[in-house]
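Take a walk through this structure, one residue and one element at a time. Keep the sequence beside you.

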Amino acid sequence: MFTHRVLTAATLAFFGGMLIPSGASASSPALERDYRIGACDTFRTQQRIERIALDLLKTPEVRKARADAERQWRAAVGPASPEMDALFPAALDELVFDGLLRAAAIAQDPPVLVSTFNLPHRLDGRMVPGSRFGWDNPDVIYGKIAIDPDASYVISGWLPRRDMQLHFSLADASDGISRNVSMRDLRPDADGRFRITLSKAEGSPADNHIRIDPTTVGITLRETLADWRQDRPVYMRIEKTGGGKSPLSQRPLPVLAAGVITGMAADIARWQPTLYANRPANVIRDPSFPTDKQGLPNQAMSLGRFLLADDEALIIDVALGGARYFTMPVTNIWGVTGDYRASPSSLNDRQTLANPDGSFTYVLSSRDPGIYNWLSTNGWHEGHLTLRWQELPPEGERGTGPSVRTRLVKLADLPSMLPAHVKRVTPAERAAQIAQRQRYPVGLWGAEQCRKGESR
């Protein structure tokens, strides 16, 4: 059984650490109404947590933690180009606010699901900083739930689409993943409703049960919404059904928040120099396959950094290797994405056109090259790329891939370097492509789905 001291340290490690469709469910007016109510409840909870986080920004403990994080992060990265240096203050704001959201989640007993890695937005007339700390994936809703290993819980909800990629990752005291459970392992009913029990008791996902290890301190939710045209979030409720009062919920919240921010700063100071900075520019190697302790099962990742002049482009050829989902977002050197709604600075396989053989060819550049599969750098001349292949088949069934190959070329040479089947676009077609990005499904976590006057 965890002592208070060990539980506190483990939970701070988990919340201070860095993270990484067909078959629609049957619908009915009652299900749709429940869905809207769930959306509204989720939105109001998120707003409440964000108000707590905004108030924490003013506390001396958080201000000191922010200053310490700035010094530690700067020292780890060293001198930056003027372009990247100008982006640092906003990146620091996002690291701090992400830490405040996580700290506010820790303090909730009974627990709540808190969304992190969000874009900046407004609340009550105030500007809410983003929380995109740690090379985020714009297609994913990231949620955090604080867990007491000696308590029991129920998570319930409804799947708008039966085959949605939804993962529950249980984090242990070392900030590793002790258990990964996919919605594919669970059994929703015929309408897509599900009810999952969590406790130390023995059981299996086939019985809609997730066994909590004695070292479990939190759940990370990853919900992939790849099709921006039609995907909708899964709204869930978490209920505590047994166990005493969490000792962390009684700690001074500013002190708790400062500890989370300090942990996050230590993580990025340790990882930033090794994850991307030591890789050759404009070269992306074939993906590696993290263990279950490091990330999602059946996932592969490639990390790279780009360094491009205004007249240069990077051609990126990708083979899926049977993956059900692929994505490639652009981040600055601080690990923060740009406004991916306003430009194609994050692309997945649903948003791009495949080659005749099923592979994909992308063009990364700061200027629009007139290619449909243009991956915008947000106007930046350097930054990072994080390629993710999810839900891969077993190793013996992958065929050739997943794989990636890059070629650095001059923009003027693109017509001769790309095969004829690669689609070109007019300015009007590009504007239409950007307009489609405004229906951003992760953003539906918010007010769009909350109908005024509806409650439980």
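Begin with Thr406. Leaving aside neighbours within four places in sequence, Thr406 is in contact (heavy atoms within 4.5 Å) with Asn282, Val283, Ile284, Leu314, Ile315 and Ile316. Thr406 sits in strand β19, residues 403-410. The side chain of Thr406 reaches the backbone oxygen of Asn282 at 3.1 Å.

Some ground rules come next. This is a predicted model, in which local features need pLDDT of at least 70, side-chain atom pairs count only at pLDDT 80 or more, and totals for chains, interfaces and linings use all residues. Residues are numbered from 1 along each chain as its sequence is written, and side-chain values use heavy atoms, with hydrogens and water left out.

Now step back to the protein chain. Its secondary structure comes to 8 helices and 19 strands. These are DSSP runs numbered from the N terminus: helices are H or I with at least four residues, strands are E with at least two. Of the 456 residues in the protein chain, 57% are buried. Buried means under 20% relative accessible area, exposed means over 50%, and partly exposed lies in between (1.4 Å probe, protein chains only). The accessible surface of the protein chain comes to about 18,100 Å², by the Shrake-Rupley method with a 1.4 Å probe. Carbon and sulfur atoms account for 54% of that surface.

Next, a pair of helices. The axes of α2 (residues 29-56) and α5 come within 9 Å and cross at roughly 120°. That makes α2 oblique to α5. Angles under 35 degrees count as roughly parallel, over 145 as roughly antiparallel, 65 to 115 as roughly perpendicular, and the rest as oblique. The axes are lines fitted to C-alpha atoms over the stretch in contact, and angles run from 0 to 180 degrees between N-to-C directions. From α2, the contact uses Gln46, Ile49, Glu50, Ile52, Ala53, Leu54 and Leu56. From α5, it uses Phe97, Leu100, Leu101 and Ala104.

Follow the chain on from α5. Pro110 lies in the loop between α5 (88-106) and β1 (114-116). A cis peptide bond joins Asp109 and Pro110, with omega about 10°.

Two loop residues remain. Asn378 lies between β17 (374-376) and β18 (382-390). Its phi is positive, near 65°, in a residue other than glycine. Asn378 is partly exposed, with a relative accessible area of 24%. Glu391 is in the loop between β18 and β19. Glu391 is not a glycine, yet has a positive phi of about 55°. At 12% relative accessibility, Glu391 counts as buried.

Notes
Polar contact = N/O pair within 3.5 Å; in protein donor to acceptor, adjacent residues only side chain to side chain.
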